[in-house]
Amino acid sequence: MLPMFLQRPARRTRTPSALRERVVDVAGRDVTVTIRENVRARRLTLRIEPGGRALRMTVPKGLREADIFEFLDRHRGWIAARLARYDKDNSLRAGGEILLRGVPHRIVHTGHLRGVTETAMEDGVPVIRVSGLEEHLGRRLSAFLKKEAKGDLERLVAVHTHRLGKAANGLTMKDTRSRWGSCSWQGNLSFSWRIVMAPPAVIDYLAAHEVAHLREMNHGPGFWALCRELCPGMDEAKAWLKRHGSELHAIEFD
């Protein structure tokens with residue numbers, strides 16, 4: 001999402017806490033706003049959290065709360081329009097669909113209490129068969145996707161680290177909403193398992209992106225050149241994530 005900005009007001013009074021939350025009404029919906037102060041900020045920044053679940057604001061230190069809410073009031077229409085993109089039903093149920101490596105799969109609840117979650121073809125349509133109690137369907141699907149993502153990313157990371165000539169120290173799966181992946185100074189790679197819902201080229205880009213950080217712990221020109229070398233389709237993959245990433249974050253598995 002592109003941020004909106006408000007020039008820093010001249011009036012400042014007391015210094016509120018550095019991080020706080022407020023709830024505002026947007027088109028009849030209660031929306032949580034996390035407000036963070038930054039001493040280096042010269043203007044107010046507003047962003048929609050991944051999945052449309054909340055708002056995040058960065059404000060200059062000492063900015064009056066009245067000015068913050070006046071800004072929110074003036075941009076209420078913008079906020080409502082952006083949040084409306086996430087208003088579709090994102091819950092999972094038998095008969096619905098979920099993406100796996102970019103391909104829609106129909107969700108089939110087998111009705112059996114025991115069994116594995118697996119993919120199959122039924123009447124020429126890709127499906128994911130889920131056993132267990134129906135109320136546990138989302139949890140079983142998330143566990144299945146996490147397992148699939150781990151297998152894909154372990155394979156892709158091995159390919160890219162071999163090309164780079166540097167080994168990763170470890171690989172973990174998480175359900176982060178602020179980023180798709182990370183690389184620590186110790187060489188530990190972390191990925192959001194939700195990426196397995198994206199097309200294979202996008203999964204490959206994410207693996208290449210984090211592997212590139214094993215050599216370049218920054219996002220400078222050298223990093224992007226290395227990332228493109230590892231993944232020539234980088235630009236298309238980044239564009240896909242920008243267009244559809246929030247849709248993947250918005251899916252409710254619990």
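**Exercise 1.** In which loop does aspartate 123 lie? Describe its backbone and its exposure as well.

*Solution.* The model is a predicted one.
- Step 1: Aspartate 123 lies in the loop between strand E8 (118-122) and E9.
- Step 2: Its phi is positive, about 55 degrees, although aspartate 123 is not a glycine. Most residues other than glycine have a negative phi.
- Step 3: The relative accessible area of aspartate 123 is 81%. The cut-off for exposed is over 50%, so aspartate 123 is exposed.

**Exercise 2.** Describe the chain as a whole, then its nonpolar cores.

*Solution.* 
- Step 1: The chain has six helices and twelve strands. Of its 254 residues, 43% are buried.
- Step 2: The accessible surface is about 13,800 Å², and carbon and sulfur atoms hold 50% of this surface.
- Step 3: Take the contacts between residues at least 6 apart in sequence: 50% of them join residues at least 24 apart.
- Step 4: The largest nonpolar core has 47 residues, and within this core Leu145, Ile195 and Phe253 touch the most other members.
- Step 5: Among the elements that each supply at least two residues of this core are strand E6 (97-100), strand E9 (125-130), helix H4 (200-212) and helix H6 (234-250). H3 gives the largest share, nine residues.
- Step 6: A second, separate core holds 18 residues, including Val31, Leu44, Met57 and Ile79.

**Exercise 3.** Find the aromatic pairs and classify each one.

*Solution.* 
- Step 1: Searching the whole structure gives two aromatic pairs.
- Step 2: For tryptophan 193 and phenylalanine 253, the ring centres are 5.2 Å apart and the planes stand at 75 degrees. Angles over 60 degrees count as edge-to-face, so this pair is edge-to-face.
- Step 3: This pair links distant parts of the chain, with tryptophan 193 in the loop between E12 and H4 and phenylalanine 253 in the segment after H6, 60 residues apart. Both residues of the pair, tryptophan 193 and phenylalanine 253, are buried.
- Step 4: Beyond four places away in sequence, phenylalanine 253 touches residues including Leu92, Ile98, Leu141, Leu145, Trp193 and Met197.
- Step 5: For phenylalanine 223 and tryptophan 224, the centres are 4.8 Å apart and the planes are at 75 degrees, so that pair is edge-to-face too.
- Step 6: Phenylalanine 223 is buried because its relative accessibility is 0%, whereas tryptophan 224, at 24%, is partly exposed.
- Step 7: Lysine 238 lies over the face of tryptophan 224, at 4.1 Å from the ring centre.

**Exercise 4.** Is threonine 161 buried or exposed, and which residues does threonine 161 contact beyond its neighbours within four places in sequence?

*Solution.* 
- Step 1: Threonine 161 lies in helix H3.
- Step 2: The relative accessible area of threonine 161 is 12%. The limit for buried is under 20%, so threonine 161 is buried.
- Step 3: Leaving aside neighbours within four places in sequence, threonine 161 is in contact with Lys166, Ala167, Ala168, Val211 and Leu214.

Note on methods:
Residues are numbered from 1 along each chain as its sequence is written. This is a predicted model: local features need pLDDT of at least 70, side-chain atom pairs count only at pLDDT 80 or more; totals for chains, interfaces and linings use all residues. Side-chain values use heavy atoms; hydrogens and water are left out. A nonpolar core is a set of buried Ala, Val, Leu, Ile, Met, Phe, Trp, Tyr and Cys residues joined through side-chain atoms within 4.5 Å. Buried means under 20% relative accessible area, exposed over 50%, partly exposed in between (1.4 Å probe, protein chains only). Helices (H or I, at least four residues) and strands (E, at least two) are DSSP runs, numbered from the N terminus. Contact means heavy atoms within 4.5 Å. Accessible areas come from the Shrake-Rupley method with a 1.4 Å probe; for residues, only the protein chains shown count as cover. Rings of Phe, Tyr and Trp (its six-membered ring) pair if their centres lie within 6.5 Å; planes under 30 degrees apart count as stacked, over 60 as edge-to-face and the rest as tilted. A charge sits over a ring if NZ of Lys or CZ of Arg is within 6 Å of the ring centre and within 35 degrees of the ring normal.
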